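Student: Please show me the model, and then take me through its packing and its interface.

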Amino acid sequence: MTIAVLMCGDGVQVEDREFLAGSAVQVIDGLCRDPKAVTALGEKMEGLVLVVHADEFAPADVQAQIRAAGLDPLGVPMLDAAEYDGDLEGLRVAVAGSVARAEAFPGSAPAHAKPVFPSRLTRRSLFMIPEPAYIAAPAIDPMTCAAGDGCTACVGVCPEKAYEWVEGRIVYDKDRCEPCGRCVTTCPTGAISNPAATPRALAAQIEAMAVAADGSIGVAFRCGRAEARPLEGGWQVVEVPCTGMIIAPWALASLILGAAQVTVLPCSTTGCDRGLDAAAEDAVGFARAALEACGVAADRVALAPSLVVHEPLPAVPVDDPFGPRSAARVYAGLQTAAGTDIARITGDGATLGIVTIDQATCTMCTMCTQMCPTGALTGGYVDDGSLAISFDPGDCTACDQCVGVCPEVERGAIAVDHRVDFLALAAGRVELNRSETHTCERCGQPVAPTAMMSRIGDILGDEPALMDQLTRLCLACRGAS
Amino acid sequence: MEEEPEWAAIAATRQGLYRMFGRALLPPEDGLTERLRAAAEYLETRHLTRFAFYPHWLAFRSALLDAPTEAELATTYVRLFASGVDGALCPPTESWYKTDARGGESAELVAAVEQHYRALGFVPIGTAEPPDHAATQLEAMSGLCAREAAAWQARQDHETAAVLESEDQFLRSRLATWFGDFAARVRGTDRNGWYRAVTEVVDAYVVQEVDLVRALRGQMGAS
């Protein structure tokens with residue numbers, strides 16, 4: 001795949017030009033002011049990386065030129081030249097990562113483009129409405145969305161209330177959405193995608209930077225709205241829509257892919273302006289707990305960048321480490337990289353969970369199994385005719401949807417413990433509860449689980465006749481009689 | 001640098017796009033593909049690269065170069081949109097996607113669409129297609145964009161805002177509510193065909209329009 005790398009030559013010193021002449025970077029004077037050079041490359045390229053001066057180029061103009069070249073602007077990584085002023089080695093590594101990210105761009109759908117008007121006023125925009133540029137917004141794949149089963153995970157995490165569950169489907173309001181990516185990393189089935197930060201592209205970028213660097217690098221996940229600032233001490237930026245979308249396995253996956261350290265940089269020095277600091281703190285906190293449990297220095301993951309002092313962990317191949325439901329693989333990879341064998345790690349940022357069912361209060365209604373978006377909880381009749389609920393921790397994303405739907409939750413029928421439990425993961429699917437079923441006197445078909453009958457009996461304690469009617473015949477036979 | 005187009009010019013371009021796409025979804029007439037090619041060539045000069053749907057436009061232009069003969073077009077049109085053993089494979093009408101014809105709801109919806117046109121000051125004339133046909137709805141949006149262009153040109157802020165509101169409402173209550181389903185149906189039926197290319201570019205364009213019109217309204221201060 002041919003990826004062109006164009007850099008605005010304004011302000012680039014002669015000796016730096018000589019250095020760049022031997023690289024993949026083409027230096028073009030005045031690129032920010034006149035981005036036509038992008039179009040001039042035409043069909044010679046299949047992808048593009050731009051190194052520009054963020055405060056000098058007009059995004060709408062640049063995007064138009066990218067489209068004219070037959071490319072998708074949402075798939076063009078942009079580096080801020082000012083960030084690498086005098087740091088050509090850092091630029092070389094960043095370019096390698098951005099090229100890998102551009103190569104991994106999956107393409108975008110019309111639904112992924114959201115128009116935004118520039119917040120900066122220019123002399124021209126004082127007198128007219130400026131032209132919008134487009135940013136990448138999430139889109140839902142209805143084929144994999146579990147809203148039909150009642151899943152509302154995206155609704156619950158969206159800070160802008162852009163999602164609404166309506167009659168078994170998710171209605172997404174792009175106007176409200178200020179793409180933060182929380183929905184992307186929360187969706188249990190991976191139905192929500194943002195092409196600007198796909199799992200494959202992030203992994204490719206980090207891996208390429210680690211390979212390209214001469215020494216250790218730190219990965220700084222930075223909010224896409226943050227002002228670019230040079231980072232000292234071996235840090236390389238990986239831009240994401242918002243640091244609130246970072247989850248602990250992403251931080252750990254970065255280490256497994258070759259980064260020596262990881263940090264998270266919100267959009268401003270005072271924190272995330274969407275108020276998602278707590279999410280990032282949970283993620284970092286849990287990643288540190290995981291490192292500590294594995295006997296690895298916890299300061300490899302931190303909320304603020306210090307000097308990169310560690311050597312990378314041994315690289316461990318993990319399939320799709322940033323992908324949905326990859327957490328179990330990442331934690332297993334961390335154990336391998338650390339050469340340890342631990343039992344469990346507990347905390348709010350786990351993104352893995354262990355479901356427990358209280359057999360005394362669960363009525364075996366199986367609503368939790370019908371709701372479970374990933375199939376971690378399943379229910380069905382077993383050989384002896386009884387109804388069983390089983391659970392596979394490897395498929396659980398700790399989305400808590402099962403807790404939300406349980407009609408007996410107040411009596412403690414179900415709980416999700418947010419933890420990485422290696423013993424449970426190794427054990428695989430286990431049965432959590434089982435109940436015999438009450439059968440119809442007339443047709444022999446199941447009426448309901450005995451546990452549920454017992455609960456109904458408790459509720460209808462003073463109406464034995466009604467209880468008798470409910471328990472003797474199934475719904476179909478009751479209707480026929 | 002390419003000169004930044006102004007909103008009047010952008011609205012005029014959008015008017016042209018709606019009109020061309022509407023024509024492409026009408027029953028084919030003599031010289032249709034030639035006229036579409038000429039229109040596309042003209043529209044290409046109207047800063048289309050500034051629109052998010054441009055990659056889809058390029059695919060459409062490529063399909064336009066290899067468009068089938070008019071006889072083939074006519075046959076395909078009938079097969080997909082007009083009739084068949086079990087009716088049309090992909091009816092290009094809003095009512096088919098949103099109502100149950102047996103319950104009489106289709107007539108109600110078509111009447112509501114007709115009413116919507118009248119409220120906008122439009123009367124469908126010179127077409128045999130029903131009011132809820134894709135081509136008719138695209139033509140209505142073309143008409144609204146023409147008004148918008150005139151309002152921008154005359155610097156009538158209130159009129160511009162009012163037209164944008166009408167466009168927003170029409171897109172969100174009509175065209176955008178069903179065109180995606182229609183396009184998906186064509187995609188599954190006419191896999192490599194001309195009408196797949198047409199419906200895909202229109203689908204992308206309508207999605208872009210929904211976002212652009214709402215964002216523009218927001219920029220003008222509409223809630």
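Tutor: A nonpolar core is a set of buried Ala, Val, Leu, Ile, Met, Phe, Trp, Tyr and Cys residues joined through side-chain atoms within 4.5 Å, where buried means under 20% relative accessible area (1.4 Å probe, protein chains only). This is a predicted model: local features need pLDDT of at least 70, side-chain atom pairs count only at pLDDT 80 or more, and totals for chains, interfaces and linings use all residues. Side-chain values use heavy atoms, without hydrogens and water, residues are numbered from 1 along each chain as its sequence is written, and chains are lettered from A in the order in which they are written.

Student: In the largest nonpolar core, which residues touch the most other members?

Tutor: This core holds 73 residues. Its largest share, 13 residues, comes from helix H9 (residues 194-219) of chain B, helices being DSSP runs of H or I with at least four residues, numbered from the N terminus. The residues that touch the most other members are Phe21(B) and Trp57(B).

Student: How many salt bridges does the rule find across the interface of chain B and chain A?

Tutor: The rule asks for a side-chain nitrogen of Lys or Arg within 4 Å of a carboxyl oxygen of Asp or Glu. Arg50(B) and Asp61(A) meet it at 2.2 Å, N to O. Across the interface, the number found is five.

Student: Which element gives the most to the side of chain B that touches chain A?

Tutor: Helix H3 (54-65) and H9 of chain B each give two or more residues to that side. With nine residues, the element that gives the most is H9(B).

Conventions: Buried < 20%, exposed > 50% of the residue type's maximum accessible area, 1.4 Å probe, protein only.
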